[in-house]
Amino acid sequence: MKFYENPARSGWAAICRRPSDSNPVVRERVVAIIDRVRKDGDKALLELAAEIDGRCPESIRVSDKAVREACGLVSADVKKAVAEAMKNIRKFHRKQLPKEIRVETAPGVTCIQRPVPISRVGLYIPGGTAPLFSTVLMLAVPAKLAGCDEVILCTPAGKNGKIAPEVLYAAKSCGISRIYEAGGAQAIAAMAFGTETIDKVDKIFGPGNQYVTTAKQILGGSVVAIDMPAGPSEVMVIADSEANPSFVAADLLSQAEHGRDSQVVLVCDSNSFAARVEEEVNRQVKVLGRSDFAEAALEKSSFVIFDEIADMIYFANEYAPEHLIVSTRDPYRIVDGITAAGSVFVGDYTPESAGDYASGTNHTLPTCAWARSFSGVNIDSFIRKMTIQEITREGLEGLSRTIVSMAEAEGLQAHANAVKVRINEK
């Protein structure tokens with residue numbers, strides 16, 4: 001852990017800098033994978049599975065029978081938890097559904113904004129060391145609420161050669177029937193281009209490792225839309241001397257255990273409090289099953305001490321964390337000044353894990369300071385806003401002078417003529 005006491009603003013950028021994710025070796029490999037999938041479709045998917053994972057799936061599409069069998073392996077407690085989390089996620093996201101807007105901007109001029117669901121979306125769910133079945137809920141629930149016509153899901157098998165039963169159960173619970181055993185950059189390419197088995201989608205959602213992230217960045221905007229830029233998970237905790245060091249340490253570790261490249265930052269008001277949190281972190285990390293991941297992440301963590309609340313707020317906005325926990329005497333004094341964070345957690349009893357699973361907010365959030373310009377996944381992520389206008393003859397006559405003047409000033413005579421021929425018609 002690195003400690004900084006009242007660092008000068010000139011040094012903040014260095015403290016806020018994330019590890020570079022531009023790995024030329026990874027990018028070269030991903031470009032090759034994308035090209036193979038684009039050219040060879042299913043054949044490339046099967047060959048890449050054998051090359052990378054050492055095994056080839058019997059079928060790319062997961063059968064209904066396999067889903068039923070997997071669901072039977074999920075414990076009653078997990079099923080109950082999934083139902084409760086789905087209820088809260090659905091309740092919060094349903095309130096976000098936009099309504100059509102209709103405005104008469106001038107007499108005879110009607111303008112409409114109509115929300116339209118994205119037709120085909122693809123969800124990527126990581127497998128690996130922590131199969132994130134909670135992410136299925138976070139993506140599938142709003143996709144279904146938004147009214148997307150087609151929702152498909154790609155996820156890799158684990159080391160045992162099987163997709164985590166909880167992932168398949170969550171998908172079935174959300175009404176997703178088209179599930180494919182495909183992971184990594186090749187799954188992103190398959191959803192972007194389409195293969196014989198996997199349909200091409202209009203937008204891809206979901207987190208992943210550096211290969212998945214690189215594939216999304218390469219294909220996003222050129223072949224397919226993506227949810228947002230993303231990198232390693234991160235949390236910032238802002239706490240004062242009255243906060244509970246045990247709670248703060250637990251919050252830092254809950255993010256650190258995601259992976260070796262996770263980012264954790266503590267912002268507090270005294271060296272003594274920072275030392276108490278460090279002591280708690282060292283105690284708690286020893287009992288974690290993923291302590292190796294957490295310890296590697298903690299080596300790159302930062303503890304930043306500020307005397308002034310204003311500096312804490314400015315620094316948090318500069319860092320723009322994926323998750324921000326505020327545990328202070330008067331938390332809204334800080335929260336109300338925050339303008340750049342993926343999701344904010346207020347008070348001693350609002351851990352980041354609540355948002356990850358069951359409070360109702362979405363846990364698919366921008367990282368690497370993208371919270372300055374991107375929102376986390378929400379209903380709008382699955383919806384386009386289409387505008388419609390209808391103008392009567394009288395309405396056009398009222399606008400004609402404005403339109404013609406502007407068009408001619410831009411040198412676009414045909415634009416002006418499109419109005420003139422209508423107005424001059426007898």
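Helices here are DSSP runs of H or I with at least four residues, strands are E runs of at least two, and both are numbered from the N terminus.

Before going on: this is a predicted model, where local features need pLDDT of at least 70, side-chain atom pairs count only at pLDDT 80 or more, and totals for chains, interfaces and linings use all residues. Residues are numbered from 1 along each chain as its sequence is written, and side-chain values use heavy atoms, with hydrogens and water left out.

From α5, pick Val78, Val82, Ala85, Met86, Ile89, Arg90, His93 and Arg94; from α6, pick Phe133, Leu137, Met138, Val141, Pro142 and Leu145. Contact means heavy atoms within 4.5 Å.

Next, zoom in on Leu145, which sits in α6 (residues 133-146). Setting aside residues up to four places away in sequence, Leu145 touches Arg90, His93, Arg94, Leu97 and Ile379. Draw a C-alpha to C-alpha line from Leu145 to Ile379: they're 7.7 Å apart in space but 234 residues apart in sequence.

Last stop: Thr195, in the loop between α8 (184-193) and β7 (203-205). Is Thr195 buried or exposed? Thr195 is buried, at 14% relative accessible area (buried is under 20%, exposed over 50%, partly exposed in between, using a 1.4 Å probe and protein chains only).
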